[in-house]
Amino acid sequence: MLDSVKEIQIAISHGDEHAFAKLYQQFHKRLWSFCKSIVRSSETAEEIVEDVFVKLWCNRATLVNIEDLTVYLYVAVKNRALNTLSRKAQELVTSPFDFLEIEIEGKITPYDALVNAEMMERMRKAIDELPPRCKMIFKLIREDGLKYKEVAEILNISVNTIDAQMAIAVKRICLALNISKPQFLFAPQKKS
């Protein structure tokens, strides 16, 4: 059984279609959501993500040369999305983060939903009101589970910028929720 992305990556490089299907299932939804936040079109995002996976399969023999497949996939989707926007409208390329709409998925039990419905709604609203780039960084780290370094590589910015944007996000969310000590909601993460 293939558990790690690295094991899946090696299996795909040897032509394992089941491993490719597993990778697709593991990343498709996250990449589509990330891409949609850039291109603002479900259909275009779907096409871009599909193209990235098709290209990945076509070049599977060289897949073992990729150091971090997760970062590679996000960067490939980001680059293709920006190229698509460039062809459609040059002004959108200069500020692709100004018009983001990121949906936050609640992953809570029915009991938690009942007890915390108001808190969750306030949190979603606070996240929705974050500045666009800050919102994207928060989503990539807290929802997609990427590390600071990976997000820095994907967005081509420094880890310090990621750290500063996360601090802004946590502070604003805590203010909206009237929380003075955010550590129980947002546990620290390794930045590497």
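**Entry 1: R80 and its partner**

I looked up R80 to start with, and its relative accessibility of 29% makes it partly exposed. This is a predicted model, so I kept that in mind throughout. What does R80 form a salt bridge with? I found D51, with the closest N and O atoms 3.8 Å apart. The two residues belong to distant parts of the chain: R80 lies in helix α4 (residues 69-88) and D51 in helix α3 (residues 42-58), 29 residues apart. I checked D51 too, and it is partly exposed, at 37% relative accessible area.

**Entry 2: The other pairs I checked**

How many salt bridges does the structure hold? I noted four. One of them joins K135 and D128, whose side chains meet at 3.5 Å, N to O. Is K135 buried or exposed? K135 counts as buried because its relative accessibility is 4%, and buried means under 20%. D128, in turn, has a relative accessible area of 47% and is partly exposed.

I then turned to E129, which forms a salt bridge with K125; their closest N and O atoms are 3.7 Å apart. Both of these residues are exposed.

I looked up the confidence next. The mean pLDDT of the protein is 80, and 75% of its residues reach 70 or more. Where does pLDDT stay under 50? I marked residues 90-100, where the model has 20 contacts beyond four places in sequence. I also marked residues 182-188, again under 50, with 13 such contacts. A reminder to myself: where pLDDT is low, the predicted coordinates should not be read in detail.

Methods
Residues numbered from 1 in each chain as written. Heavy atoms only, no water. pLDDT = per-residue confidence, 0-100. Contact = heavy atoms within 4.5 Å. Helix = DSSP H or I, 4+ residues; strand = E, 2+ residues; numbered from the N terminus. Buried < 20%, exposed > 50% of the residue type's maximum accessible area, 1.4 Å probe, protein only.
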